[in-house]
Amino acid sequence: MKKKPQTPLTEGEILRQKAEEQLKRKSSKTDLKRSEEDAQKVVNELQVHQIELEIQNEELVQANVDEGVATQKYAELYDFAPSGYFTLSKEGKITMLNLKGASMLGKERQRLINNTFGLLVSHNTRQIFNNFLSKAFEGKQDESCEVTISIDDNKQPLYVILTGHVPENSGECQMTMVDITKRKQAEEALHHSYVFNETILKTIPFGMDIVDESGTVLFQSDSLKKIFGESAIGQKCWDLYRDDKKQCSDCPLFKGITIDETDVYESHGIRGNRIFDISHTGMMFEGKKAMLEIFQDITERKQAEEELSMKNSMLNTLLANLHIGVYMIEVPSGKPLLANEASFNLLGRGILPDAHSST
């Protein structure tokens, strides 16, 4: 069968055909370009996502490192803190403790785990600890107590302050232990010193007081109160002690207080015209300059000295006016003690080598 001859295309049809082919070619290039752009976007997204994963991984690794460092620091702070840290069960068993706590108790940490803490407390303070632990679990606030730890019968007891805290919804008590042994020893030494000083103040025969720079009495011993019959605390010393109620003209307070410098004055007209030797010593009292005054009543001694002086004067006058020789020697040494002028005239001054007068 013979093919029909094709009808020649018109110019318009040819132009249309060319235009359609060109459009197809353009469309093909555009689709390919879009496909390449889409593929590039996907590649970029994958690359960004990969970088994000790498960054997240680095951050995770650094976080693990930081966590390890923090954990190490926490462990060091926990173990080597200046206080003992303990975790106790409701029954008082040690479930955890730091190295400092074990060191304070003088035992290895592992040997203390699951031991009852109360058994380490001395018998005379154990009930105090038991009450402390009960209140810590019953209450909602921190509890504290002071107890003695008996580590060894041959060693000094350990004085400690315990502070316990039970977190909410927790069955364990977090407890700190602070060693106050040195403080307790210092307090005991201070107490003994105080008792000793009190004993001295009550037994010495002298009256004592302490005055500040203005002469106000800050302290007065019992002996001084007995001497003057009343307390002078807060008063000027001269208002109570002196008959004329006036400050002595030679009072050492006029020249000021010098620490550790002592002056002694003989004061007359003290409470009924009596005579006192008063020692004044500069010192520090309650953080301020002050003066310690020690009173010694010498009235009787001064009267005896005056009587003896009068008798000696009368004896000297009598010996000087005697026309007979008086010569006194020590027995059995024979040492010359006394000779009057008449004895010198009879025996010569050589009988009393150092004599320069009639007696």
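1. Basis of the model. The structure is a predicted model, in which local features need pLDDT of at least 70, side-chain atom pairs count only at pLDDT 80 or more, and totals for chains, interfaces and linings use all residues. Residues are numbered from 1 along each chain as its sequence is written, and side-chain values use heavy atoms, with hydrogens and water left out.

2. Overall composition. The protein chain holds 9 helices and 12 strands; helices (H or I, at least four residues) and strands (E, at least two) are DSSP runs, numbered from the N terminus. Of the 359 residues, 28% are buried, where buried means under 20% relative accessible area, exposed over 50%, and partly exposed in between (1.4 Å probe, protein chains only). The chain exposes about 25300 Å², with carbon and sulfur atoms supplying 54% of this area; accessible areas come from the Shrake-Rupley method with a 1.4 Å probe, and for residues only the protein chains shown count as cover.

3. Contacts along the sequence. A contact means heavy atoms within 4.5 Å. Among contacts between residues at least 6 apart in sequence, 34% join residues at least 24 apart.

4. Two strands pair if DSSP finds at least two bridges between them. Strand 10 (residues 288-297) runs antiparallel to strand 6, joined by 6 bridges, and Asp212 stands opposite Ala290 in strand 10. Strand 10 also pairs with strand 9 in the antiparallel sense, over 10 bridges. Strands 9 and 10 form a hairpin with 2 residues between them, and Glu286 in the turn has a positive phi of about 55°.

5. Ser279. This residue is found in strand 9 (residues 274-285). Ser279 counts as buried because its relative accessibility is 17%. Leaving aside residues up to four places away in sequence, Ser279 touches Thr262, Asp263, Val264, Leu292, Glu293 and Ile294.

6. Cysteines. A disulfide is taken as a pair of cysteine sulfur atoms within 2.5 Å, and the count by this rule is 0. For Cys145, the nearest cysteine sulfur, that of Cys173, is 9.9 Å away. Cys251 has its closest cysteine sulfur in Cys237, at 6.2 Å, which is too far for a bond. Cys145 is buried at 11% relative accessible area, and Cys251 is buried at 12%.
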